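Let's walk through this one together, a question at a time. Have a look at the model first.

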Amino acid sequence: MKREGTGEMTPDQLDATFAALADPTRRAILARLAAGEATVTELAAPFRMSQPAVSKHLKVLERAGLVSRGRDAQRRPCRLEARPLKAAVDWLANYRAYWEESYQRLDDLLGMLQAEEETGRPTSGRS
């Protein structure tokens, strides 16, 4: 899942994670698995789709590394593998600082405009 010697996912692995998360059914499956492991039958119950259709969604999630399947006697429980989700969140966090700075600049500008409106004259720092 990770690049050798680093804590980062490869671009292809990140693409697979985001592609898997793009479907609402797969996100619902992951939400259900966050509560604990479940079989395909249990996962299919809330959806209006066949077990084979749910299995196709599970295969996409497995290829992305988001789900693994075990074996427990006759059961084959699926379980959430959250590591790729953490990598996706870490990737998104790189952009959080950018947006926070943008919002701070906007707040500063709004503060200056409000001060100008209240005083009737331009504040320092604006030309």
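Q: Where does A64 sit?
A: A quick bit of bookkeeping first: this is a predicted model, where local features need pLDDT of at least 70, side-chain atom pairs count only at pLDDT 80 or more, and totals for chains, interfaces and linings use all residues. Residues are numbered from 1 along each chain as its sequence is written, and side-chain values use heavy atoms, with hydrogens and water left out. Helices (H or I, at least four residues) and strands (E, at least two) are DSSP runs, numbered from the N terminus. On that scheme, β1 covers 67-69, and A64 is in the loop between α4 and β1.

Q: Is A64 buried or exposed?
A: Buried means under 20% relative accessible area, exposed over 50%, and partly exposed in between (1.4 Å probe, protein chains only). A64 has 1% relative accessibility, so the label is buried.

Q: How many Å apart in space are A64 and M112?
A: In sequence, these two are 48 residues apart. Going C-alpha to C-alpha, the distance between A64 and M112 in space is 48 Å.

Q: Which residues does T17 touch, leaving out those up to four places away in sequence?
A: T17 is part of helix α1, residues 11-21. Its relative accessibility is 0%, so T17 counts as buried. Contact means heavy atoms within 4.5 Å. By that rule, the partners of T17 are M9, A64, L66, P84 and A88.

Q: How many Å apart in space are T25 and H57?
A: T25 belongs to helix α2 and counts as buried, at 14% relative accessibility. T25 touches F47, M49 and H57, once residues up to four places away in sequence are set aside. T25 and H57 are 32 residues apart in sequence, yet C-alpha to C-alpha they are separated by 7.7 Å.

Q: Which residues does T39 touch, not counting residues up to four places away in sequence?
A: You'll find T39 in the loop between α2 and α3. T39 is buried, with a relative accessible area of 14%. Setting aside residues up to four places away, T39 touches R75 and R76.

Q: What pattern does the protein follow along the sequence?
A: The protein has 5 helices and 2 strands. Read along the sequence, they come in the order α-α-α-α-β-β-α.

Q: What is the radius of gyration of the protein?
A: The C-alpha atoms fill a box of roughly 80 × 40 × 20 Å along the principal axes. The radius of gyration is taken over C-alpha atoms, and the globule rule is 2.2 Å times the number of residues to the power 0.38. A compact globule of 127 residues would come out near 14 Å, but the protein has 23 Å.

Q: What share of the 127 residues is buried?
A: Among contacts with a separation of 6 or more, residues 24 or more positions apart account for 44%. As for burial, the share of the 127 residues is 27%.
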